[in-house]
Amino acid sequence: MAQAPALPRGFELPLEPRLPRIGSIDQVAVEARAGELAKRSIKKDAKVWALELALRCCDLTTLEGQDTPGKVAALCSKAIRPDPGDPRIPSVAAVCVYPNLIPAAKERLAGSGVKIASVATAFPSGQSPLDVKLRDVEDALALGADEIDMVIDRGAFLSGRYAKVFDEIVKVKEACGGAHLKVILEVSELGTYDNVRRASLLAMAAGADFIKTSTGKLPGAATLPVQLVMLEAIRDVYDETGRRVGMKAAGGIRTSKNAIQYLVQVHETLGPDWLTPDLYRIGASSLVNDILMQLRKERTGAYQSKDYFTND
Amino acid sequence: MTDVEKRSDRSPVPQDWTYAPAPESTEIVELRERYGLYVGGEWLDAKERYTTLSPRDESPLAEVAQASEADVRNAVAAAHDAFGTWSTIAGSERSKYLFRIARILAERAREFAVLESLNGGKPIKESRDVDVPLAAAHFFYYAGWADKLEYAFPNRTPKALGVAGQIIPWNFPLLMLAWKIAPALAAGNTVVLKPAETTPLTALLFCDVLRQAELPAGVVNIITGDGSTGAALVDSEVDKIAFTGSTEVGKAIQRRLAGTDKRLTLELGGKAANIVFDDCALDQAVEGIINGIYFNQGHVCCAGSRLFVQESIYEPLVEKLKKRMATLRVGDPLDKNTDVGAINSREQLDRIEELVAAGKDEGAEMYQAPCRLPERGYWFAPTIFTNVAQSYRIAQEEIFGPVLSVLTFRTPDEAIEKANNTPYGLSAGVWTEKGSRILWMAERLRAGVVWANTFNRFDPASPFGGYKESGFGREGGLHGMEPYLELTA
């Protein structure tokens, strides 16, 4: 492994303020602010707009040991046309699968514009040697992944070996070439908002195109305050460097109401520029049907039962 | 093209997300055309009336009574009549009534919240989430003390004073009513309360709650009117005056009461220092600054209107502050997404405009949030002044509006020196991650309340009140009972 610098860029005391200071997060205050934003009342046209955007920003995900080509193919059809009965409903942004399922997804998604995201780097724990992780990435790309969702080494992060985490992200980014790199912080394991902010800045300094909350394997993942902390870190990096890093909230977002709360936060923290699938993603599986149900309700005035929406 | 391919032409994402209006319905509030005076459990007519408006569009809401000197005497007499029974019934009985009032307030919360925003101009999210729940919480809190006075003040004999004359301001009409009435009643006093001239309606609706709670007649009397009514109340046969409002009026009241045996507590103005150290949690501090000055359009006596920023983070902080200001939603107080509502009255708007003009003349640099203000009604855009010197009027005088003066400091000692360099001393804020510094600062700040890493937090159990020209006496907590009791050995 290459010799890491004593501290990654952004962690030294800057002689000139180039990168945002790491700073700290006040838990009570950040939770209060997230709570305030969650109370925005989004109605009528604004709601339809938000629901369609949430769909466009979805990474429709299946990351199970029992995933099969058949399951993934069905998921891909859903990704392309979430609601076969309504042509106005847009496709989702991407499907997110394990590397072995990429060929199945690729076949079904061909020509659709829906991207293939693959988890890699010894997902979900990240507790493997670096060369295994890099090989994992290379294979996923060779199989046809457009986007790589990597996990950081939380063991290294929590034991203070930030340089190791940093270097791994740099290497993975190199391996990605042109493919988009999303860096999963697995916030439930980081324990504090301070750590979430630290890991966010570290990942961005190391070259992440997106920072992502969670693997989806643990409860209490993408909470609203956690997303707020990450958005504020993204904002700081943008203000200091002009670089736009994307955000992906994953894990636990299941209802339309919830999805709108996440979008409101993005809107009021980073502004309308981030309200696009190029810079914002929601990793979800059951969310899509709830959005479809709400959209149909907005358009017809009546709720329909779950039987009217396909389970894939 | 197959269906699938058609779908692959993803239409561009629309650019603008405008929140649709989300107005809270006013249907829940049933206003009468005219209101009388609530005296001795009855509605009495007054000879003179005036119209109370909604500051959001200057539309008339109702006619209310202008109580004369005779009306005031009448109300005070009714309170004296009720005092004998009220002060001698069991404490547990008084607490029963207070619990009832608290519960009814909580049950009718939406009604009160809508009316508060309608008559006062504050955003519905504040009246809904802060004013009304806190008002109910005060009644709950003091209901609990009513039968425990001997335990609250051990080795002393607590005795009610008699009739309390209470004069409250327009910035938190219902909440200030609760702050005044709940401890007075728990202690066994009876009350004559005068709401502010511009915001009488929630107090008048509260009379309905008193009736619902079957509070004995005369225990609470509510009279409306302008300053002359207040003056008449100060001069009447009351045993105590509790006043919340401007320092100017507070001083006038104190002069009038000098030499009488009437007790007095005053909650007056403020010019709070909000002190931000360079090791603070920056984004949360920005939220705290915003909340400190733009909460309730800055119509808050404890508003953090002087921002002291450690010079090493001055630029990034002001930059963040300006960006945050641009996201404030200014407009219809009844819209659920409104962050900053209407200025309470024409008179207050004039005063804000006058002081802001003075700030510009003195050479401070002004920045206003880019927002479109409604054409009708009273509005002022969220404003900050940078390049402010201690000597400027905008750093000295209470503006009582959405206007923040930004100053800088270098060391903790300098922060203390500048923060205390004011005739006021109601509240202060400290933002730092260093616990020891919080304690060091709190010891030295001459302010009744010091918030650390938060601002504008209130709780019924926590006393509130000022130093110096911010008044004397405490409201809230056990301290808030003392001014309503004779504590003999």
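1. Chain B of this predicted model contains 16 helices and 19 strands. Along the principal axes, its C-alpha trace spans about 85 × 65 × 45 Å. A compact globule of 489 residues would have a radius of gyration near 23 Å, and the 24 Å of chain B therefore agrees with that expectation.

2. Chain A has 11 helices and eight strands. Its radius of gyration is 19 Å, close to the 20 Å that the globule rule gives for 312 residues, so chain A is as compact as a globular protein of that length. The box filled by the C-alpha atoms of chain A, taken along the principal axes, is roughly 60 × 45 × 30 Å.

3. The domain assignment divides chain B into domain 1, comprising 37-268 + 469-488, and domain 2, comprising 273-460. The C-alpha centres of these two domains of chain B are 29 Å apart. Where they meet, 25 residues of domain 1 of chain B are in contact with 26 residues of domain 2 of chain B. On the domain 1 side, the elements that give two or more residues are α4 (109-120) and α5 (124-145) of chain B. Of these, α5(B) gives the most, with seven residues.

4. The contact between the two chains involves 28 residues from chain B and 33 residues from chain A. On the chain B side, α1 (3-8) and α11 (282-294) each supply at least two residues. The largest share of that side comes from α11(B), which gives five residues. By class, the side of chain B that touches chain A holds nine nonpolar, 10 polar and nine charged residues.

5. The helix α11(B) also packs within its own chain, against helix α12 (residues 314-326) of chain B, at an angle of about 55 degrees and with the axes 10 Å apart. That angle makes α11(B) oblique to α12(B). The crossing of this pair is right-handed. From α11(B), the contact is made by Leu282(B), Val286(B), Ile289(B) and Ile290(B); from α12(B), it is made by Leu317(B), Lys320(B), Leu321(B) and Arg324(B). Six of the residues in the contact of α11(B) with α12(B) are nonpolar and two are charged, with no polar residues.

6. Two packed helices are described by the angle between their axes and the distance between the axes. In chain A, helix α2 (residues 44-56) and α10(A) pack at about 90 degrees, with their axes 10 Å apart. The helices α2(A) and α10(A) are therefore roughly perpendicular to each other. Lys47(A), Ala50(A), Leu51(A), Leu53(A) and Ala54(A) of α2(A) make this contact with Ser256(A), Ala259(A), Ile260(A) and Leu263(A) of α10(A). The contact of α2(A) with α10(A) has seven nonpolar residues, one polar and one charged.

7. The helix α10 (residues 256-269) of chain A also packs against helix α9 (residues 224-241) of chain A; their axes come within 10 Å and cross at roughly 25 degrees. Accordingly, α9(A) and α10(A) are roughly parallel to each other. Their crossing is right-handed. In α9(A), the residues concerned are Leu224(A), Gln227(A), Leu228(A), Leu231(A), Glu232(A) and Arg235(A), which meet Gln261(A), Tyr262(A), Gln265(A), Val266(A) and Thr269(A) in α10(A). The residues of this contact of α9(A) with α10(A) divide into five nonpolar, four polar and two charged.

8. Two points of backbone geometry deserve a comment. Most residues other than glycine have a negative phi, and most peptide bonds are trans. In chain A, the peptide bond from Phe123(A) to Pro124(A) is cis, with omega near 0 degrees. Pro124(A) belongs to the loop between β3 (115-120) and α5 (130-143) of chain A. In chain B, Asn155(B) has a positive phi of about 65 degrees, although this residue is not a glycine. Asn155(B) is located in the loop between α6 (149-152) and β5 (157-160) of chain B.

Key: Residues numbered from 1 in each chain as written. Chains lettered and ligands numbered in written order. Predicted model: local features only at pLDDT ≥ 70, side-chain atom pairs only at ≥ 80, totals over all residues. Domains from an automatic or database assignment. Contact = placed C-beta atoms within 7 Å. Helix = DSSP H or I, 4+ residues; strand = E, 2+ residues; numbered from the N terminus. Axes fitted to C-alpha atoms, helices over the stretch in contact; angles between N-to-C directions. Parallel < 35°, antiparallel > 145°, perpendicular 65-115°, else oblique. Left-handed = near helix turned anticlockwise from the far one by under 90°. Nonpolar A, V, L, I, M, F, W, Y, C, P; charged D, E, K, R; others polar. Rg over C-alpha atoms; globule rule 2.2 N^0.38 Å.
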